[in-house]
Amino acid sequence: MEEKEWKIKVSIVPECELPADERALVEAARAAALQAYAPYSEFRVGAAVLLENDVTVTGNNQENAAYPSGMCAERIALFYAGAQYPSVPVKALAVAAWQNQAFVERISPCGGCRQVLLETEMRSGKPVRILLAGKNEVTVISRAADMLPFGFGSFRT
Ligand code: THU
């Protein structure tokens, strides 16, 4: 029998210690969250994607009375980036959420969004940094592959 282990590194960084472009990305995710259309869950999520050409695109969750027809903030931002800038690598993605009149301490992308993040990274061959906004601290994962070990199409040995 052979056993394997995957280790991932997660850094908890005081927001003020992030580089200026990443601080701005976290702020953009927070601003996007406030504009979400989430009348059913009342859980507003915002995502902001920083592209290698320094363009930032944002997305937020869009819900629908036919529940499965809605979409997460992260995928809306990533698909918009892919639609508008198909050949520009994604450098980073920030996520923030708002509930009960306040930003939540931290949320982490769902499985479906992780799969899309992973493919975004594999497509360009460049790491996508993931920034999960808290109130004063940001959780940083240095590449999308670390968020989905053993994901479909990414069997790292
Ligand atoms: N949601 C996101 O937008 N991103 C996530 O990573 C998790 C969940 C949305 C989907 C739904 O509109 C609401 O949050 C509650 O699940």
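These legends walk through several close-up views of a predicted model.

**View 1**

In the side chain of Glu-63, an N or O atom is 2.5 Å from an oxygen atom of the ligand. Asn-61 also takes part through its side chain, with a polar atom 2.9 Å from a ligand oxygen. On its own the ligand has 370 Å² of accessible area, and the protein covers 73% of that.

Which residues make the nonpolar surface patch of about 250 Å²? They are Ile-8, Val-10 and Ile-12. Find Ile-8 in the segment before β1, a strand that spans 10-14. Ile-8 counts as partly exposed because its relative accessibility is 45%, a value between the 20% limit for buried and the 50% limit for exposed.

**View 1. Two loop residues with positive phi.**
Most residues other than glycine have a negative phi. Keep that in mind for the next two residues. Glu-42 has a phi near 55°, a positive value. Its place is the loop between α1 (20-34) and β2 (44-51). With 58% relative accessibility, Glu-42 counts as exposed. Asp-54 has a positive phi too, near 70°, and sits in the loop between β2 and β3 (56-60). Is Asp-54 buried or exposed? Asp-54 is exposed, since its relative accessible area is 55%.

Side chains of opposite charge can pair when their charged atoms come close. In the whole structure, a search finds six salt bridges. One of the pairs is Arg-129 with Glu-22, at 2.7 Å from N to O. Arg-129 belongs to strand β6 (residues 129-133) and Glu-22 to helix α1, so this pair links parts of the chain that are 107 residues apart. Glu-22 counts as buried because its relative accessibility is 8%, while Arg-129 is partly exposed at 29%.

**View 2. A salt bridge between two loops.**
Next come Lys-126 and Glu-52, a salt bridge whose closest N and O atoms are 3.0 Å apart. Lys-126 lies in the loop between α3 (111-124) and β6, and Glu-52 in the loop between β2 and β3, so the pair ties together parts that are 74 residues apart in sequence. Lys-126 is partly exposed, with a relative accessible area of 35%, and Glu-52 is partly exposed as well, with 38%.

**View 3. Asp-54 again, now with a partner.**
Which residue forms a salt bridge with Asp-54? The partner is Lys-91, and the closest N and O atoms of the pair are 3.8 Å apart. Lys-91 is in strand β4 (residues 90-99), and Asp-54 is in its loop between β2 and β3, 37 residues apart. Lys-91 has 31% relative accessibility and counts as partly exposed.

**View 4. A network of salt bridges.**
To finish, look at Glu-15, Glu-27 and Arg-30. Salt bridges link these residues in a network.

Terms used:
Residues numbered from 1 in each chain as written. Predicted model: local features only at pLDDT ≥ 70, side-chain atom pairs only at ≥ 80, totals over all residues. Heavy atoms only, no water. Polar contact = N/O pair within 3.5 Å; in protein donor to acceptor, adjacent residues only side chain to side chain. Areas by Shrake-Rupley, 256 points an atom, 1.4 Å probe, with all protein chains shown as cover. Patch = residues over 30% accessible without salt bridge, like charges linked within 9 Å, V, L, I, M, F, W, Y side chains within 5 Å. Salt bridge = Lys/Arg side-chain N within 4 Å of Asp/Glu carboxyl O. Helix = DSSP H or I, 4+ residues; strand = E, 2+ residues; numbered from the N terminus. Buried < 20%, exposed > 50% of the residue type's maximum accessible area, 1.4 Å probe, protein only.
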